[in-house]
Amino acid sequence: MVALPRKAKHFLVFIAKLLVVGGAFYFIYNRIANDENLDWQHLSHATQQKHAGWLIFGILLFTFLNRFLEIFKWQNLVNSFVPLSFARAADQVFAAVTAGVFTPNGVGEYAAKALYYKKDQAKQIVFLNLICNGIQMVIAIVLGLAGLIVFNALYNVVPTTLLLIILAILAAIIITVFASRKITIKGYSLHLLFTKINELPKATHRKNMLLATGRYLSIIHQHYLIFLAFGVHLPYPVMISAIAGVYFLGSALPNFQFLDFAVRGSVAVFFFGKMGVTEWIVIFAATLQWLLNIVIPVTIGSYYVLRFKSVRAETTAAPHQE
């Protein structure tokens, strides 16, 4: 196989970077420009409400905490493998968000983070990213199911018998998975995965779980404060249970990050419609959260994508530390 000249490789990498960044901004622009449900006068009106300043501060604080905790979580996991500075972890997290915006459920993040490491380190990095996202998913499932049960008890959306059947099916799936954990397919098994998970220090797992919980609570309460800013003042337990249920169902459905607002927004319209919340408020809240948690990180990540240099091209065995 003929190797490409060095300059040709650099040119192709540069084109790939432009495609990733350009594609990200195209989808963002297309989403905002073509949505007839978005009336930015509503946002202007919300900022003039009583206590709007504190609500805006809280919303922005949770926006910051969402990514800050994610970066801290990634640094904590990688530090169990190789030393990683917080600045370098931020570089990898933001670039991965941008690269993963086109792939179902952000799968592209795995490949993007692996590119920052040597080829023989890639499998471990993919595994650590699986742990990073996996604990977030477990928390969303557990608390989301709790939210759905509370919401259903209040609004009786799903008959109790059907809800019990669903929970029984989930329990059966979990039991089946654990029962078949030693079944090997092409050298891989769930038992091997659990063994590798247990090889990580317990302190790393505890910190990962704590940070993941903090990130989840930040996202949920950010959504809650956005509703408050638009004048929705339903009881806190009811709101949190509905938001947790929406977040769980939205995350469970296969989707692309640039369509995240549409998936969760459509689910949210059904849930909050039962509570008497106006549809435009639900859609606007979902879109605003998408702008804060996806668009801003993608914009920051575009900078890191454009300045990206693969560690595999360097002579050192470990990632360069800043």
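Visitor: Are Arg88 and Asp91 buried or exposed?

Guide: Both Arg88 and Asp91 are buried. Buried means under 20% relative accessible area, exposed over 50%, and partly exposed in between, with a 1.4 Å probe and protein chains only. The model is predicted: local features need pLDDT of at least 70, side-chain atom pairs count only at pLDDT 80 or more, and totals for chains, interfaces and linings use all residues. Residues are numbered from 1 along each chain as its sequence is written, and side-chain values use heavy atoms, with hydrogens and water left out.

Visitor: What do the side chains of Arg88 and Asp91 form?

Guide: They meet in a salt bridge, at 3.5 Å from N to O. A salt bridge is a side-chain nitrogen of Lys or Arg within 4 Å of a carboxyl oxygen of Asp or Glu. Arg88 and Asp91 are three residues apart in helix H4 (residues 86-99), so about one helical turn separates them. Helices (H or I, at least four residues) and strands (E, at least two) are DSSP runs, numbered from the N terminus.

Visitor: How many salt bridges does the count come to?

Guide: The count is three salt bridges. One of them joins the side chains of Lys73 and Glu70, at 3.2 Å from N to O. Because Lys73 and Glu70 are three residues apart in helix H3 (residues 52-78), about one helical turn lies between them. Lys73 counts as buried at 0% relative accessibility, and Glu70 is buried at 5%.

Visitor: Which side chain meets that of Arg215 in a salt bridge?

Guide: The partner of Arg215 is Glu70, at 3.1 Å from N to O. This pair links distant parts of the chain, with Arg215 in helix H9 (residues 202-229) and Glu70 in helix H3, 145 residues apart. Arg215 counts as buried at 12% relative accessibility.

Visitor: How are aromatic pairs read, and how many does a search of the whole structure find?

Guide: Rings of Phe, Tyr and Trp (its six-membered ring) pair if their centres lie within 6.5 Å; planes under 30 degrees apart count as stacked, over 60 as edge-to-face, and the rest as tilted. The search finds 15 aromatic pairs. Among them, Phe270 and Phe271 are edge-to-face, at 5.9 Å centre to centre with 80 degrees between the planes. Phe270 is partly exposed at 42% relative accessible area, whereas Phe271 is buried at 6%. The ring centres of Tyr303 and Tyr304 are 5.3 Å apart and the planes are at 65 degrees, so this pair is edge-to-face. Tyr303 counts as exposed at 53%, while Tyr304 is buried at 17%.

Visitor: Which residues do ring pairs link into a cluster?

Guide: The cluster consists of Phe64, Phe68, Phe72 and Phe86.

Visitor: Over which ring does the charged end of Lys113 sit?

Guide: A charge sits over a ring if NZ of Lys or CZ of Arg is within 6 Å of the ring centre and within 35 degrees of the ring normal. The charged end of Lys113 sits over the ring of Trp74, 4.0 Å from its centre. Likewise, the charged end of Lys196 sits over the ring of Phe127, 5.0 Å from its centre.

Visitor: Which residues does UniProt list under "transmembrane region"?

Guide: The unreviewed UniProt entry lists residues 12-32, 52-69, 126-151, 157-179, 224-249 and 280-306. UniProt positions are given in the numbering used here, feature names are shortened, and annotations may be inferred rather than shown by experiment. Over residues 126-151 the chain is 100% helix and 0% strand, with its end C-alpha atoms 36 Å apart. Over residues 224-249 the chain is 77% helix and 0% strand, and the end C-alpha atoms are 17 Å apart.

Visitor: Where does Leu234 lie?

Guide: Leu234 is in the loop between H9 and helix H10 (236-252). Leu234 is partly exposed, with a relative accessible area of 25%. Its C-alpha atom is separated by 9.8 Å from that of Gly276, 42 residues apart along the chain.

Visitor: Which residues form a nonpolar patch on the surface?

Guide: Patches are made of residues with over 30% relative accessible area and no salt bridge; like charges are joined within 9 Å, and nonpolar side chains (Val, Leu, Ile, Met, Phe, Trp, Tyr) within 5 Å. The nonpolar patch is formed by Leu162, Ile165, Ile166, Ile169, Leu170, Ile173, Ile174, Val177 and Phe178, with about 750 Å² of accessible area together. Accessible areas come from the Shrake-Rupley method with a 1.4 Å probe; for residues, only the protein chains shown count as cover. Ile166 is placed in helix H7 (residues 160-179) and is partly exposed at 38% relative accessible area.
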